[in-house]
Structures are given as structure tokens and as C-alpha cells.
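Work through the exercises below with the sequence and the model open. Each task is followed by a stepwise solution.

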Amino acid sequence: MDLNTIERNETDSASQSAAAASAPAKKVFVKTYGCQMNVYDSQRMTDALAADGYTATDVIADADLVLLNTCHIREKAAEKVYSELGRIRDMKAERAAVGREMLIGVAGCVAQAEGPEIIRRSPAVDLVIGPQTYHRLPDVLARVRGGEKIVETEYAIEDKFEHLPQPKRAEMIKRGVTAFLTVQEGCDKFCTFCVVPYTRGSEVSRPVAQIVAEAERLADAGVREVTLLGQNVNAWHGKGEDSMEWGLGRLLFRLAEIPGLARLRYTTSHPRDMNDELIAAHRDLPALMPYLHLPVQSGSDRILKAMNRRHTAKDYLALLERIRAARGDIALSGDFIVGFPGETDADFEATMDLVGQVNYASAFSFKYSPRPGTPGADMPDHVPEAVKDERLQRLQALLLKQQQDFGLGLVGSTIDTLIEKPGRQAGQKVGRSPWLQPVIVDEKAGEIGDIIRVRITKTGYNSLFAELA
Ligand code: SAH
Ligand code: SF4
Ligand code: F3S
């Protein structure tokens, strides 16, 4: 799993929330684009709105409030929002014709990056709210209902997490046995292709006590697997229970003590922040799953430098050696960009070469998309689209082959699987392998939330089939 893939990670968050029983409940439809941090934020906004009398719906035409939680990482991701807004505007008009209101809100990274421009381009939009101010959503909505249009994109001085209400226990139980928990937000790295430092602001780490309390609530609601999230999660350095500054490794050791939490993960990490303590956590904590998303973007030192990644290909490979020495069964996942300005054939071959050396269990790869305001956009020697296409195809063919080989390599072996949900087909349940593959088992193999030993019998396109060991 990776933090940032936009097109592949859209979810309509339609979890029901207990609304005030008395007043007829208003309904909110939330659509989430982008990375897991947006998925997490959408849930927390849904929780804040539940406290304000809104129930979630997955029928957009029924919604009194439509909220798009958006992503700005590539041009395609951002443009999607405007085409969606076109459709919603028509629905708003239809509802208005029968005397019913539909408020339209844009949240997330497009909101932060484009602010008032969104209302200029799409006048049907009533509110624009940036990721740092979600705790103010109920107040903002009250003003919007009073007829104002609002753009709220200041970086708030107060901590949004401290002010966002937690979901009710019943709601948490409904959300299932795996959960996200944002521990860090923002980024200070300023890779030259990336909008995140501008849309999410500078790095903020939540304190240990807050994180532990949230993790304990999740465990109490039956959650077995928690993924810690941050744009730069391994740069997390929060105030510890002893008032000292802790790093992510130490936090993982602490979270592993919580009864019921059997599995821990974290994403997305930067190679420069993989320190000894974190590597030791991979060595010593069975709960820390042997799967690491560690994007490298390119295998060419020249391009890595132009991207401001501040490490070389050799540094990355040496780091992987240390991590693999600590945890032999660790599998790697990564992100790649092809066609960064100035990328030559030789640079691209260096990327192919690095991928060949690493052997990824899964990976995400993208064509470089120039983003306004980032240094990369103004660099010379942009790569023609056709060349980007060709490179992406070659890279993806290699990565897909590695992913399939990884799955095939598991056939016949016995692994732990966390049973997550009923399968799409009757008689099946779907679990999760330590390496995040869906594992299809007989429904009688165990109950949701159980971790069972299974033998892998064959692979599907993206999944594994297994029988009770
Ligand atoms: N914090 C993570 C990545 C965040 S963005 C890290 O440092 O690795 C998620 C992924 O989107 C990136 O890893 C990168 O591969 C891709 N990406 C970011 N900006 C992009 C752009 N302008 N064009 C194409 N891909 C981009
Ligand atoms: Fe973007 Fe680089 Fe920060 Fe990752 S580390 S979020 S790619 S600026
Ligand atoms: Fe997209 Fe913002 Fe996440 S730009 S990838 S939603 S941090």
C-alpha cells in the first residue's frame, strides 16, 4: 500500500453515523481522492459532521452536503475534481428546483492549493476548506447555511487532531478490523516535483499520548491492524510519555504493547529518515509487518539530485541491505516517476537497473506531471509525452513481473492471514497477508478479526488463494 496514489485509491466514504435522533438528519456524501491520509481525514470529517447532526449517505442525490476531499499531486488528479463538480452542479440545480438545498464543499489538497480559484471556476461551490482546518467545519457550515461562501485555507495555529471528535465505538466497529491513524502531517523535504509541502504545510508530529489513546480506542473496538500515516511518516518525532522526544521506532515499540493490536504498519517513508531505531523495530517487533513502502523515484543519481531527494542510488541499495539484514522476509514497495525534466535514456536505464537489483513486491509508477509553483515545473528539458509513455510502459511491465513473481514465490508456503471481510463470492472470506495481498479463504476458515495460518494454493491477478494450514 502506498500513501499517494490517487487514481487507484478513490473511495466513497459512506459510513453511517449516529445522528441526533430528534431532528430529521441531514445527509452528507463524502468522496475521497488521493492518499490514505485523505481517507483518514474523510473519516474524521464524517465524525465531526456526525456531531453536527449529519448522517453519511452513499447516494449523492440524497445529500444535503456533498464534500469532495481532493488530491493535487498530479494534474489528472486535480482536473478530476472539476469534472466531478460539473456533475454535482447539475444535481444541485435539480434539488433546488424542488426546494431542497445541496451545499457543495471542496476539502483536501486542491482546496489548499487553489483556494478561491475553485469558486471562480465552479460558482456552485459553497465552501473550500484546507486540510489544516477540518475541526472548524461545523462553524464554517453554520456560516455557509447563513448564505456566505467561505474559503478557509489558513494553516490553523491550533492542532486539528486535538479538536476533531473521535467516532463513537459502534461506528469504529463498523469500520472494520484494520484502521489508519495519522501520526504526522506535512513535509519539509521539498522534492522539486512535489506539491505536498505546499498543500499540507510543514511537518507536524502528534504527541505519543494522543496517538496511544487513539490506538487504544481502535483496539477496544476490535481493530487488529493499524497503519500509521504521514506524508513523511518516518520523520515523525513526537513528545513522548516521558516528555522526551521520541522517534518512530520507539513509538512502534510502545504501540506493540497495546493488547489486541496484532499488526502494525507505517507509510510513507523517506529513505533519509530510516534510522537505526526504526530498523531495530523491524528486527525485534513481530507485530511490525515485514513490508516496507520506501519510494526511491529514480535510479539515476543525476535525476535524484535534480529531484532534491538528497541520496544516491547506492545509498538506497545500502540502506535496503541493512533493513534486509534486520528482517530477512521483508518485502519492498516503491514509487517511481519517469520523465522528470532532463531524464535521458541512460537515466531511465539506471532506474530499470535499480528495479532489477531491488526486486519489488509491489510498486507505483507515474509519468512526471509538472505542478505549478514547484521548481521542477520551471526546469529545462521537459521530456516529450510519447517518451514518458514508452518509459512508463517498460517500467510497469518489469514491476508487474516482479509483483507476480513475488506472489508465485509464496505458493506452497504457510503464512498468517488477518481475516478482514466477507468475500465477493458466496462461501468466501478475504484476509490480508503480511505483505498486504488479499488472501481468499473458505468462509469457515475463521471469523473476521482472526489471524489464521493458511497455506497458499495459487495466485490470482492481485490476490492469493489459500486453505487452512
Ligand atoms: N512522501 C512520499 C511521496 C508522496 S507523493 C515520498 O517522499 O516518497 C506520492 C508519490 O506520487 C510520490 O512518491 C511520487 O512517486 C508521485 N508524485 C509526486 N509528485 C508527482 C508529480 N509531480 N508527477 C508525477 N508523480 C508524482
Ligand atoms: Fe513530496 Fe518529497 Fe515530501 Fe514525499 S518527501 S511528500 S515526495 S516533498
Ligand atoms: Fe494527494 Fe494531498 Fe495526499 S496532494 S497524495 S491528497 S497529501
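**Exercise 1.** Is Y198 buried, partly exposed or exposed?

Solution. This is a predicted model, in which local features need pLDDT of at least 70, side-chain atom pairs count only at pLDDT 80 or more, and totals for chains, interfaces and linings use all residues. Side-chain values use heavy atoms without hydrogens or water, residues are numbered from 1 along each chain as its sequence is written, and chains are lettered from A and ligands numbered from 1 in the order in which they are written.

- Step 1. Take the classes: buried is under 20% relative accessible area, exposed is over 50%, and partly exposed is in between (1.4 Å probe, protein chains only).
- Step 2. The relative accessible area of Y198 is 36%, so Y198 is partly exposed.
- Step 3. F190, at 38%, is also partly exposed.

**Exercise 2.** Find the aromatic pairs and classify the pair of F190 and Y198.

Solution.

- Step 1. Apply the criterion: rings of Phe, Tyr and Trp (its six-membered ring) pair if their centres lie within 6.5 Å; planes under 30 degrees apart are stacked, over 60 edge-to-face, and the rest tilted.
- Step 2. Over the whole structure, the search returns six aromatic pairs.
- Step 3. For F190 and Y198 the centres are 5.6 Å apart and the planes stand at 75°, so this pair is edge-to-face.
- Step 4. F406 and W435 are also edge-to-face, because their planes are at 85°, with the centres 5.8 Å apart. This pair joins distant parts of the chain, 29 residues apart: F406 is in helix α15 (residues 385–410), and W435 is in the loop between β19 (428–432) and β20 (438–442). Helices (H or I, at least four residues) and strands (E, at least two) are DSSP runs, numbered from the N terminus.
- Step 5. With a relative accessible area of 23%, F406 is partly exposed, whereas W435, at 11%, is buried.
- Step 6. F193, F340 and Y368 are linked by ring pairs into a cluster.

**Exercise 3.** Which residues surround ligand 2, and how do they divide by type?

Solution.

- Step 1. Use the cut-off: a residue is near a molecule or strand if one of its heavy atoms lies within 4 Å of it.
- Step 2. The shell of ligand 2 consists of C187, K189, F190, C191, F193, C194, V196, P197, N232, H270 and R309.
- Step 3. Assign types: Ala, Val, Leu, Ile, Met, Phe, Trp, Tyr, Cys and Pro are nonpolar, Asp, Glu, Lys and Arg are charged, and the others, Gly among them, are polar.
- Step 4. The division is seven nonpolar, two polar and two charged.
- Step 5. Repeat for ligand 3, which has ten residues around it, the closest being C35, N38, C71, C109 and Q231. That shell divides into five nonpolar, four polar and one charged.

**Exercise 4.** Where does S42 lie, and which residues is S42 in contact with, leaving aside its neighbours within four places in sequence?

Solution.

- Step 1. S42 belongs to helix α1 (residues 36–50).
- Step 2. Its relative accessible area is 1%, so S42 is buried.
- Step 3. With contact taken as heavy atoms within 4.5 Å, and with those neighbours left aside, S42 is in contact with V30, T32 and N69.
- Step 4. M244 is 202 residues from S42 in sequence and 32 Å from S42 in space, C-alpha to C-alpha.
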